[in-house]
Amino acid sequence: MAERKIDAPATLRGNIILEEFAPYRIVALGHAISQRMAKAYEDENISIPEWRVLAVIAQHETVAARDVVRRTPMDKMSVSRAVTSLEQKGIVERTPDPADRRVSAMSLSVEGRQIFDRIAALALAYEQKLLSSLSDDEAEKFSSALSKLEYHVQLD
């Protein structure tokens, strides 16, 4: 006896064209931007995950790894590997938190601050170049749309 093929409802069949699917486009654009940005700072011997961690640490005098995890789209293990690598390179320093020995406070070393400053200048120039393809009105609407999408995703 032949097995009967059950068709998916018409509403679920073939209605996603990946290249037009907004979530895919956002991820693909983010990936492409990250890859191009990585080329801008490859001379500093910094990976994409390391740059993300470095950028979060640079925003604070000291910060714990758990706070880096909260502020980046990275899991604990990826953050831990990036922090370890940055520490081995002398870019990040860790000191035990006196209130909780299980937590380390991370900060940039002097060299780490210099590296961050160089990469941040490249990153800001790249952002400016990227956004220059939009009019001022489009850039403002784009930023607003991103904020709305970020807010909506947090509600899910």
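This is a predicted model: local features need pLDDT of at least 70, side-chain atom pairs count only at pLDDT 80 or more; totals for chains, interfaces and linings use all residues.
Me: Why are α2 and α5 called roughly perpendicular to each other?
Reply: Helix α2 (residues 48-58) and helix α5 (residues 110-131) pack at an angle of about 105°, with axes 10 Å apart. Angles of 65 to 115 degrees count as roughly perpendicular, so α2 and α5 get that label.

Me: Which residues make that contact between α2 and α5?
Reply: From α2 you have Trp-51, Leu-54, Ala-55 and Ala-58, and they meet Gly-112, Arg-113, Ile-115, Phe-116, Ile-119, Ala-120 and Ala-123 in α5. By class, that contact comes to nine nonpolar, one polar and one charged residues.

Me: Why is the pair of Tyr-41 and Trp-51 called tilted?
Reply: The ring centres sit 5.6 Å apart, with 35° between the planes. Centres within 6.5 Å make a pair, and stacked needs under 30 degrees while edge-to-face needs over 60, so 35° lands in tilted. Tyr-41 is in the loop between α1 (22-40) and α2, and Trp-51 is in helix α2, so the pair ties together parts 10 residues apart in sequence.

Me: What makes Trp-51 and Phe-116 stacked, then?
Reply: The centre-to-centre distance is 5.6 Å, with 15° between the planes. Under 30 degrees counts as stacked, so 15° qualifies. Trp-51 belongs to helix α2 and Phe-116 to helix α5, so this pair ties together parts 65 residues apart in sequence. Trp-51 and Phe-116 are both buried, and Tyr-41 is buried too. Ring pairs link Tyr-41, Trp-51 and Phe-116 into a cluster.

Me: How do you know that strand β2 is largely enclosed by the rest of the structure?
Reply: Four of the five residues of β2 (residues 104-108) are buried, so the strand is largely enclosed. Buried here means under 20% relative accessible area.

Me: How many bridges join β1 to β2?
Reply: Five bridges join strand β1 (residues 92-96) to β2, and the two run antiparallel. At least two bridges are needed for strands to pair, so five is enough. Val-92, for one, has Leu-108 as its bridge partner in β2.

Conventions. Residues are numbered from 1 along each chain as its sequence is written. Side-chain values use heavy atoms; hydrogens and water are left out. Axes are lines fitted to C-alpha atoms, for helices over the stretch in contact, and angles run from 0 to 180 degrees between N-to-C directions. Angles under 35 degrees count as roughly parallel, over 145 as roughly antiparallel, 65 to 115 as roughly perpendicular and the rest as oblique. Contact means heavy atoms within 4.5 Å. Ala, Val, Leu, Ile, Met, Phe, Trp, Tyr, Cys and Pro count as nonpolar, Asp, Glu, Lys and Arg as charged, and the others, Gly among them, as polar. Rings of Phe, Tyr and Trp (its six-membered ring) pair if their centres lie within 6.5 Å; planes under 30 degrees apart count as stacked, over 60 as edge-to-face and the rest as tilted. Buried means under 20% relative accessible area, exposed over 50%, partly exposed in between (1.4 Å probe, protein chains only).
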